[in-house]
Amino acid sequence: MVRNFLIGLVLASIGFIFFNLYNTYEPKTELNGIAAHYAAKGAEEIGAANIVTAIVVTYRGFDTMGEVTILFLTASIIGFFLKLSKKDEAKKIIHHGTSELLITSAQILVPIIFLFGVYVFMNGHLTPGGGFQGGAIIASGVALLIMANPNRQINHHAILWIESISGVSFVILGLLGIFLAGGFLDNRFLSLGTFGDLFSAGAIPLIYSFIGLKVGAEISNILNKYQKSQKES
Amino acid sequence: MEYLQLGRISLIISFLLIIIGFWGILSQKNIIKIIVSFTILDTGINVLIVSLGYLKGRTAPIIDASVSQGPNHNVLNAIVDPVPQALVLTAIVIGFGVTALLLAYAMKLFKAKRTLEINQFNDLKW
């Protein structure tokens, strides 16, 4: 009873704060400060049609590197937590079979899902999307594969190599920005190209492709760890 | 009609989602339900940040045909604020990492006691 009362009190006070925020909320009417600079100068400085991509990959590229590092840390901590002994590693997952529908649709859909993921991260500078979204789409294909056959072996070495190579390439592209252009992760050491083309915006398509591959490999790695952890039971 | 603007509607939705998330975290007993509440709270905060960058009658911050042929030829008057959207992209990725870790902990906890009821985990209670 006291517990419910306390929960109600906390929620009511949060609601009260929000109510006051809502009452004093006045919609913005124009861009200000840094946002105005990004909107006005982003297209000519960076050459990316998608301003959000310009911010994420170039203006705030260092944050993105931190994000990728956090994902990598998550994958390694999960690997550490869900580590199996040699004996459990040889076991199989006991399940009651998966439906024919799931197996057939996985065979047909997975290549298309992978292709769509690659499309999303290649076109991150032109359309909504980018490395993180594309990587998540690729990992959803891996999730479909695992659900269709819970005992499927995911190639662990391939995932590790893709992850390491794309991570190192991301850092090298960032360092090239220091030597050939204005600073770390500057995309202008490659020509900006024609605005709106696939191969435009300097190094952004390359950087976002490597981010996409790295994120896809990391999320697949996490899914693989979850899958393996079911072997013990 | 003044209270039915898109910006205000999304503010109300985000406040509701945040409150539902806090309620779930505080009142639920099952660990999986608590994790789901965390993700609802995450989503509410993301919707809140994006809706703060909303500007009435403008399009997405992508410079293409819809911007250059709009009523205002200046980019400054045609797109919504891109900075909150970039921040939310970061927040979504961090939220994914936190959720993945929580699920791994939940698995480990289930293996330890074969239950997910939070009342059974009272080893550190005093």
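**Entry 1: burial in the two chains**

I began with burial in chain B, where 38% of the 126 residues are buried, a word I use for a relative accessible area under 20%, with exposed meaning over 50% and partly exposed in between (1.4 Å probe, protein chains only). In chain A I looked up the corresponding value, and there 45% of the 233 residues count as buried. I noted that this is a predicted model, in which local features need pLDDT of at least 70 and side-chain atom pairs count only at pLDDT 80 or more, while totals for chains, interfaces and linings use all residues. Residues are numbered from 1 along each chain as its sequence is written, chains are lettered from A and ligands numbered from 1 in the order in which they are written, and side-chain values use heavy atoms, with hydrogens and water left out.

**Entry 2: chain B as a whole**

I looked up the secondary structure of chain B and found 4 helices and 0 strands, where helices (H or I, at least four residues) and strands (E, at least two) are DSSP runs numbered from the N terminus. Chain B has a radius of gyration of 20 Å, well over the 14 Å that the globule rule gives for 126 residues, so this chain is more spread out than a compact globule. I wrote down that the radius is taken over C-alpha atoms and that the globule rule is 2.2 Å times the number of residues to the power 0.38. The C-alpha trace of chain B spans about 65 × 30 × 20 Å along its principal axes.

For contacts (heavy atoms within 4.5 Å), I found that 55% of those in chain B between residues at least 6 apart in sequence join residues at least 24 apart. Chain B exposes about 7200 Å², and carbon and sulfur atoms supply 68% of this area, which comes from the Shrake-Rupley method with a 1.4 Å probe, where for residues only the protein chains shown count as cover.

I then looked up charge in chain B, which has 10 positive and 6 negative side chains, the centres of the two sets lying 12 Å apart. Here Lys and Arg count as positive and Asp and Glu as negative, while His and the chain ends are not counted, and the place of a charge is NZ of Lys, CZ of Arg, CG of Asp or CD of Glu.

**Entry 3: chain A as a whole**

Chain A has 9 helices and 0 strands. I found a radius of gyration of 23 Å for chain A, whereas a compact globule of 233 residues would have one near 17 Å. The C-alpha atoms of chain A fill a box of roughly 60 × 60 × 35 Å along the principal axes. Of the contacts in chain A with a separation of 6 or more, 72% are between residues 24 or more positions apart. The accessible surface of chain A is about 12300 Å², with 70% belonging to carbon and sulfur atoms. Chain A carries 15 positive and 14 negative side chains, and the centres of these sets are 14 Å apart.

I followed helix 7 (residues 131-148) of chain A, whose 18 residues reach 26 Å from first C-alpha to last, close to the 26 Å expected at 1.5 Å a residue; the expected span is 1.5 Å times one less than the number of residues.

Helix 4 (residues 61-81) of chain A has 21 residues and reaches 30 Å, close to the 30 Å expected. Its buried residues include Thr64(A), Val68(A), Leu71(A), Ala75(A) and Ile78(A). An α-helix has 3.6 residues a turn, so residues three or four places apart point the same way. I asked myself what the buried residues of helix 4 of chain A pack against, and found helix 3 (51-59), helix 7, helix 8 (156-180) and helix 9 (204-229) of chain A together with helix 4 of chain B.

Leu101(B) lies in helix 4 of chain B and is buried, with a relative accessible area of 17%. Leaving aside neighbours within four places in sequence, Leu101(B) is in contact with Thr74(A), Ile77(A), Ile78(A) and Tyr226(A).

Arg114(B) sits in the segment after helix 4 (82-113) of chain B, and Arg114(B) is exposed at a relative accessible area of 55%. I noted that phi of Arg114(B) is near 55°, a positive value in a residue other than glycine.

His125(A) is in the loop between helix 6 (100-122) and helix 7 of chain A, and at 1% relative accessibility His125(A) counts as buried. Not counting residues up to four places away in sequence, His125(A) touches residues including Ala48(A), Thr53(A), Asp197(A) and Pro205(A).
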